[in-house]
Amino acid sequence: MTIGEQTDRNGQGQRTRLATAVAIALTGTTMISASALAAEPSNDGERSGLPVITVTAPGETTPGFLSGTRLGDEALSSQRSATSDTASLLDRLPGVSLQGAGPVSSLPIIHGLADERIRTRLDGMDLIAACPNHMNPPLSYLDPAQVGEARVWAGITPVSVGGDSIGGTIEVDTLPATFAEPGEGVIHEGEVGAFYRSNGNARGTNLSATLATDTVSLSYSGGWSKADNYDAGGDFKTSTATGRPGHELPLDEVGSTAYETRNHLIGLALRNENHRVEAKFGYQDMPFQLYPNQRMDMTENTEKRGTLRYEGEFGWGGLEARAWHEVVDHEMDFGDDKRFWYGPDSGMAGDACSPIGPTCAAGMPMLTESENSGARVMASLDLDSGDTLRLGAEYQRYRLDDYWPPSGGGMWPDTFWNIRDGQRDRMALFGEWESRVAEDWTVLAGLRYEHVVSDAGDAVGYDDTAPAKGNQVDDAAAFNARDHERTDNNLDLTALARWEIDATRSLEFGLARKVRSPGLYERYPWSTWPMAAVMNNFVGDGNGYVGNLDLDPEVAWTASTTFDWRAGDDAWSLRVAPYVTYVEDYIDAQRCTTGACAMMPADATEAFVVLQYVNQDALLYGVDLSGQMMLAETDWGRFGLEGALEYTHGENRDSDDGLYNIVPLEARLALTHELGGWNSAVEVEAVSAKDDASEVRNEFETAGFALVNLRAGYQWERVRVDVGIDNLFDRLYAAPTGGAYVGQGKTMSISGVPWGVPVPGSGRSIHAGVTVSF
Ligand SMILES: [Cu+2]
């Protein structure tokens, strides 16, 4: 099945598409074929003669690389009513887990490596979270309904889709442009949808519309969604421990889990026979997103982005060029569940105090502004030998200012500059060769060079007259006495080989060396004052973090293999993918003992602590298993079983400690049924207890749990309805990567909220959604 068929606007072939979609949704066992690498997919509604992704449904044996998996639009649409968190759509793919953050901004984890360790591209753009808590990661800029396709490279990533990352690559593209057939004149089409989820009263709508001729296509897509705090399952009574008398949250309500978000996208695409130009303009206005595992909340995020892309086919091969520009304005302060601690009747100074001054604080505004520009050119040369050679170059220019205006109390009288004039610029060159060296062997080898320059201006505290609170004057002086510019020259190598043993079995081997330079928030946060340090945290563990100017890039060596075995008649398939990664100079953390940290106990075990980033060696290994089988084909429909299991282990080889945010063992098993336009599933999702946590971070252990989810959908020609119940038995559970609960109470003080409470997951939620095409 090709993209062209999938986005067929006449809605033909919907039944077979639906069947494939169900299979993809549950097991994610499609692979990305070799031709997908030739260029990014030609986001094209009609056949254009350009390279397209070949989607291989389980059972088909097309040459390709098993390391890549893909979610198509049908698979995605069945999830729309269940989630507004675009990253969570990927959770079902083998090797992918989620690190909890805000309700619509989870961070994907691939094989134990998360966040900036993964290359995440949105419509081909390398976006960067501009926030000391990484509250606005790339996928938070899309509504799930705007996603056209997601591709994940979990094992070995070809250098043409990697760079400045040591884990896998996630590429998410928005809905593809559609065109009219030649001679058809002007066409218009679109889709409107709405959903409701009972837990947290979540609701949202989405709309997409296209006006097109056979050469010009103009489109809009947008989504709005909003939710209150959700309720945990079972009995969650933490509010009585952290709520201030008179301000407790209702029992079971998980503080700081509400949000509202609005995302818009306008696209204009032009094509002729061999060339295509596309411009996209995105706009996000997120009025608020609260964070149960961060000490601050997002109180406004606006993002504007524009991208221009050219794709052409020539006698010698294909050419793709892209340029983009993005501007982010991000604001943080306390949302409602945290702010009441600082309110007028709190006994502390609060909102009502005026004017702010040394004894009168009003919240804690934190502002971040970033500008991100980039360009990429890639040529795919079709060699006479039948081989393909890809050559490419990339450039990225990134600027960041992170500053906290004076708000009274200890945050007075000046503006605190967490990162001032931050810069992180990348230049990259790569070459990649792909060849079918024998009838049953395909190999790919690539080399990529990256030049990364980062820098930041001088640190400034709230008060530059000693003795300012929290050692700010001395910390800033020590930071400013050093040169802040750092230059890294990084080399990536990738080799992949696929052996088609026979029609039912194939085996793939891969080796890679990948390098990632430290991010601005790892190198430059300079204050050891716990109040400032706890604001620098993108892992959601409640601790404070201090940057380290001496960090070196992380260098990861990965070996992985994938074995794919399937019945000739499609009755079953099984895929096993073990991997091992050794990371030299992995950026882990050690307890901070200098500056203001010297006043804190260095060896606390049951408390939030302040840490400093440090290079240490790490080892990660694990295995992904996935498979499906047909159980019965009867008059009442087709019954099947689909499952996936992921095991991950991570350890710090220098400190003999566990790595943080590792999901030890996770499994999904679903009984599926389809009949005509119906599809439904009963799914069990189980996670084992986590008991080898990161000691240096005082990471909590979490208990194992199993959840049952139900879902069903029906597809008419123009209408699709989905309903479901997540967490059917209303279990109280905490994901091992959900982070520390700091969703309510006096979070500004490092010990102002109790240590040891993991963020509870959502209790039972009934969801329903409808989509109408026109
Ligand atoms: Cu933020």
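Where is Pro-413 found? Pro-413 sits in the loop between β19 and β20, and we come back to it in point 5.

1. **What you are looking at.** This is a predicted model, in which local features need pLDDT of at least 70 and side-chain atom pairs count only at pLDDT 80 or more, while totals for chains, interfaces and linings use all residues. Residues are numbered from 1 along each chain as its sequence is written, and side-chain values use heavy atoms, with hydrogens and water left out.

2. **The chain as a whole.** The chain has 9 helices and 34 strands; helices (H or I, at least four residues) and strands (E, at least two) are DSSP runs, numbered from the N terminus. Of its 774 residues, 62% count as buried, where buried means under 20% relative accessible area, exposed over 50%, and partly exposed in between (1.4 Å probe, protein chains only). The accessible surface comes to about 27000 Å², and 58% of that belongs to carbon and sulfur atoms. Such areas come from the Shrake-Rupley method with a 1.4 Å probe; for residues, only the protein chains shown count as cover. Take the contacts (heavy atoms within 4.5 Å) with a separation of 6 or more: 73% of them are between residues 24 or more positions apart.

3. **The nonpolar cores.** In soluble globular proteins, nonpolar side chains tend to be buried together. A nonpolar core here is a set of buried Ala, Val, Leu, Ile, Met, Phe, Trp, Tyr and Cys residues joined through side-chain atoms within 4.5 Å. The largest one has 98 residues, and Leu-90, Met-364 and Met-535 have the most contacts inside it. Strand β27 (residues 610-634) gives the most to this core, with 5 residues. Apart from it lies another core, of 8 residues, including Phe-236 and Val-757. For a closer look at Leu-90, leave out residues up to four places away in sequence: Leu-90 then touches Leu-71, Val-96, Leu-139, Ala-150, Val-152 and Ile-170.

4. On a 1 Å grid over the protein atoms alone, a cavity is a set of points where a 1.4 Å probe fits but cannot get out, and lining residues have an atom within 4 Å of a point. Of the 26 lining residues, the closest to the centre are Asp-115, Glu-116, Leu-127, Ile-128 and Ala-129. Strand β19 gives the largest share of the lining, 3 residues.

5. **A cis bond.** Back to our opening residue: a cis peptide bond joins Trp-412 and Pro-413, with omega about 0°.

6. **Two asparagines with positive phi.** Asn-201 has a positive phi of about 55° although it is not a glycine. Asn-201 lies in the loop between β11 (187-197) and β12 (202-212) and is partly exposed, at 29% relative accessibility. Asn-698 also has a positive phi, near 50°. Buried or exposed, which is Asn-698? Asn-698 is buried, with a relative accessible area of 7%, and lies in the loop between β31 (678-687) and β32 (705-715).

7. **A buried serine in a loop.** Ser-694 lies in the loop between β31 and β32 and counts as buried, at 1% relative accessibility. Not counting residues up to four places away in sequence, Ser-694 touches Asp-657, Gly-658, Leu-659, Tyr-660 and Glu-699.

Notes
1 Å grid on protein atoms, 1.4 Å probe; cavity = no way out; pocket = protein on both sides within 12 Å on 5 of 7 lines; lining within 4 Å.
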